[in-house]
Amino acid sequence: MRKTDGLLKLIGLCVLAGVLVAGVLFPVAGAVGVMSNQASDTVDQTSSDLADVPPPLVTRVTDSAGTQIATLYEQYRLPVVESQINDAMKWALVSVEDKRFYDHHGVDWKGTLRAAVSNGTGGDTQGASTLTQQYVKNYLINIVYRGDKVAQKKAQEQSIARKLKEARIAIQLETKMTKNQVLTGYLNVVEFSRQIYGIGAAAEAYFNTTPEKLTVPQAALLAGLVNNPAVYDPWNKVTESTKRRNLVLDRMVENQKLDKADAEKFKLEPLGVVEGRPNKPAANCVGAGPEAGFFCQYAEDYLIKSGMTHDQLYTGGLTIKTTLDQKANHEAKASAEAQVDKNQKNVANTLSLVRPGKNRHEVVALAANRDYGTDSSKGQTVYALPSGVYNTGGAGSSYKIFTTAAALNQGVAGIYSDIDVPDTYTSRVFTGGADRCPPTGRPLNSHWYCLGNAGDYSKSGGSMTIQNALATSPNTAFVILEEKIGSTGPIVEMASKLGMRETMASNLGGGTVKPESKLPGENVSQTEAFGPKGKNPGNGSFTLGPAPLSGLELGNVAATILSGGVWCPPTPIAAVTDRSGQPVPIKEAACEQVVPEGLANTLAVGLSKDDQGGGTSSVAAKNVNWTRPAIGKTGTSQNNGSATFVGGTPQLAGAAMVFRPEGGTGGLCYRDVGNVSVTGCQNMFGGKTPAQTFFGAVSKILEGQEPLPLPGPDPQYMGGAAR
C-alpha cells in the first residue's frame, strides 16, 4: 500500500466517524438534508425488515401419529431464548468480537478510530464492527437478503455509505433492544458452517449438547468460528480451528472472564467435536430413511403442486403432519422387498396403499423394494417409484376395469352379461398393435387391430360373463366390449375420472406434454393418443394398458370404486401448521362423484372373483390364507415387461407394480419369490409378484380387523341373469 493511499483511507475513515455522529445525531437542512432524509428512509426500511422478516426455520415432517420422520431446511437453525445460553458462550463471543459490547450504544467509536488508524497505516484490520453491527449485517445477509446474491454482496461492501447505514441501524436497534436481546439475536442468526445457523443448532451439531451446557473450551471454539466458518472448520481445519479456539481463550483472560491457569488447561484439550461430521439431520426427505422416504417425497411434491413454494417448505418452520401409517408402510416395504431383492438390477417392485372414503382418500403407505436414498451402489434411489408416472411398459389388463366401467355407464352390458371369448380376434373398428396376425389368406389391413389371448379359454364354451372375464382376463373379450361401446372416448374418459388423472395428462413417455416437440409421443397426452380423432374411434389397445402410469393413481382407482364412485385426490397430508402453530390451508382438489354409486358398487362385485378359484390372483391370495371380500384385477404388459395388481377391501385399497425403472426391452423373469430378474425368461404376470406383494402386505396390515363385506350390485348395471 502506498503512503498516500493509506493516508487517504485514514482521512476517509476519520470522515466516516464524523459522518456517523452527524448523520445519526444531527439532521441538516437544505439539499444535504434531503439526502439525509432519504438515507433515514432506507435505514427505517431496513430496521423494519429486521423486525418483520422472520428467520428461516426447520420444517418438521411427521407420520399420522405425530412422530417426526424428516426435516426440510436450507438453514439448520434451532432458536433459543436468552436463558438457554450460558455465560461461557456469551463471554467467549463478547471477548473475541466486541469486548466493549456492554459499554457502547451500538457503535464503538474508539474501535472505529483504532481500525481507521490501523487500516490507514497499512496494518491488519481490527474489529471496528460491534456485535450489534454484526447482528445487523448477519440478519441482512442470512435472512432478509437470503437468496439475493446482489443484495448480499452490497450488504458486505467496504464503503462509507454501507458503514453509515449499518451504524445508524445499530444505534437505532439498541434503543429498542437490550444488550442481552441483541446478543441472543446475534447468536440465533449467525452462520457457523455446513448449513448450521445459530447457537442452538451449533451446540447440537458440533458437540451433541445444548447452549446452556456448553463448556468453556466448547464455547470458545464456537465463538471463534463465526469470524470465518470455512477457515476454522474443526473437521477439515483442525490446526486452524485449535489456534482460533485458543485465541478466544486468551481474549477471555484479557477480558477478565477466565483465569489464565484455566485457559492454559483448556488449551490442552482436544477440540472434542462429534466424530466425522456435524450431528445434524438430513436437509430433505433422505432423512426419512429407506422406508418412509418415498412417502415424504410424495408429501413434498403434493404440497408444491397444491401451491406451496419450495422456499415455504424449506424455510417456513412448518409442521407437516402426513397420513403415513408407519406399520402399514413397513409391511408394504417388507412385502415388496420379499418379492424382489432391493439390489436387483433394473427391477422395481412398488406398493401404494390408499384408505377409501367419501370425504378423503388418504395415502397410508408408499413402498418399494429399493431403499430411498442417494447411494446408487446400494440400490438406493430418490425417484418417486411408487407415486410418479413412469414409462413402465404399462399396467396391462388392469385397464380392463375402465372398459368395463364405461360399458356399464353406457348401458351396453352389465357384469353378468355374456361376452364372446375367441382365441384370436381382428377388430375392424379400432387401430392398435398386431399381437397375432390375421388368419392365412385374409388381407392385412393396417387399420385393423389383431390380437390374441395369453391363456387357454377353450373350456369357456366361447363366451363368459363379464364378471368371469374380469377374473380370468381374456384380451379378445374386452376389445369386443370396446367395439360395443363404439369408441375409446368413454373408456379413456373413465380412466381419468376414476383416478388416472396425471397419468392421462402425461405424454407417451410419462412426461409433461411438449406441444412444440416433433418427437412421436412427446407432443400429445395419453388422452389424445388413445382417444378418438375425427372418424377414427381410437386406439383399441388402450384396454390392455400399454402406456406409462402412476402406481399410486392406479391404487386410487380401487379406492374410488370402494368409495361408491367418489374420487378424491390421493392425499398424503393430514394437517399443516406454521411456526406459530396456526393452521395453514392447503389447496386440494375437491372430491367428486365421478360415477353413480350403483355403478361403482356393481363394478366392485364384478371385480370380486379375481382372488377366488380360477381368478388370476387366486394362488397369491391362497398362499396367505386370504378370506376377506375384496376386489382385484391383474395386468401384464406386452412381452411380460411389467405387471400390476390393483385391488382392495372397504378398509384399504392399493396397487402393486413390478417394472424396469431404467427402461430396456424384453420381459421380466420370475423364477420364485424373491428371484426376479431381467434376463433368462419372460414369464412375469400380474398374478405373480404384484399380487403376492399386495396380499402379503395387506393381509398383515388388516390382521385383527373385522372383514367387511363388499357393497351389493345395482340391478341397473347387472345385465344377464343374477348370479
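## Charges over rings

Let's start with a lysine: Lys257 lies over the face of Trp91, 3.9 Å from the ring centre. Keep in mind as you look around that this is a predicted model.

The charged end of Arg501 is placed over the ring of Trp567, at 3.7 Å from its centre.

## Aromatic pairs

How many aromatic pairs does the structure hold? There are 16 aromatic pairs. Tyr73 and Tyr76 make up one of them, with 5.1 Å from centre to centre and 40° between the planes, and this pair is tilted.

Now turn to Trp626 and Phe695, an edge-to-face pair with 5.0 Å centre to centre and 65° between the planes. Where do these two residues lie? Trp626 is in the loop between helix H24 (618–623) and strand E19 (631–636), while Phe695 belongs to helix H25 (residues 689–701), so their pairing ties together parts that are 69 residues apart in sequence. Both Trp626 and Phe695 are buried.

Some rings gather in a group: Tyr399, Phe402, Phe530 and Phe542 form one aromatic cluster. Phe542 is worth a visit of its own. Leaving aside residues up to four places away in sequence, Phe542 touches Tyr399, Glu482, Ile491, Val492, Ala495, Met504 and Phe530.

In soluble globular proteins, nonpolar side chains tend to be buried together. Here, the largest nonpolar core has 91 residues, and those touching the most other members include Phe402, Phe542, Ile320 and Leu498. Which helix gives this core its largest share? Helix H13 (residues 289–305) does, with eight residues. A second, separate core has 61 residues, among them Leu93, Val144, Val226 and Ala283.

## An open sheet

Finally, look for four strands that form an open sheet with mixed pairing, in the order E2-E1-E6-E17. Which strands are at the edges? Strand E2 (68–72) and strand E17 (573–577) are the edge strands, as each pairs on one side only. On average, neighbouring strands in this sheet are turned by 15° against each other, direction ignored.

Within the sheet, strand E1 (residues 59–62) pairs with strand E6 (residues 319–322) in the parallel sense, over three bridges. To find one of the partners, follow Arg60 across to Thr319 in E6.

Notes
Residues are numbered from 1 along each chain as its sequence is written. This is a predicted model: local features need pLDDT of at least 70, side-chain atom pairs count only at pLDDT 80 or more; totals for chains, interfaces and linings use all residues. Side-chain values use heavy atoms; hydrogens and water are left out. Rings of Phe, Tyr and Trp (its six-membered ring) pair if their centres lie within 6.5 Å; planes under 30 degrees apart count as stacked, over 60 as edge-to-face and the rest as tilted. Buried means under 20% relative accessible area, exposed over 50%, partly exposed in between (1.4 Å probe, protein chains only). A charge sits over a ring if NZ of Lys or CZ of Arg is within 6 Å of the ring centre and within 35 degrees of the ring normal. A nonpolar core is a set of buried Ala, Val, Leu, Ile, Met, Phe, Trp, Tyr and Cys residues joined through side-chain atoms within 4.5 Å. Contact means heavy atoms within 4.5 Å. Two strands pair if DSSP finds at least two bridges between them. Axes are lines fitted to C-alpha atoms, for helices over the stretch in contact, and angles run from 0 to 180 degrees between N-to-C directions.
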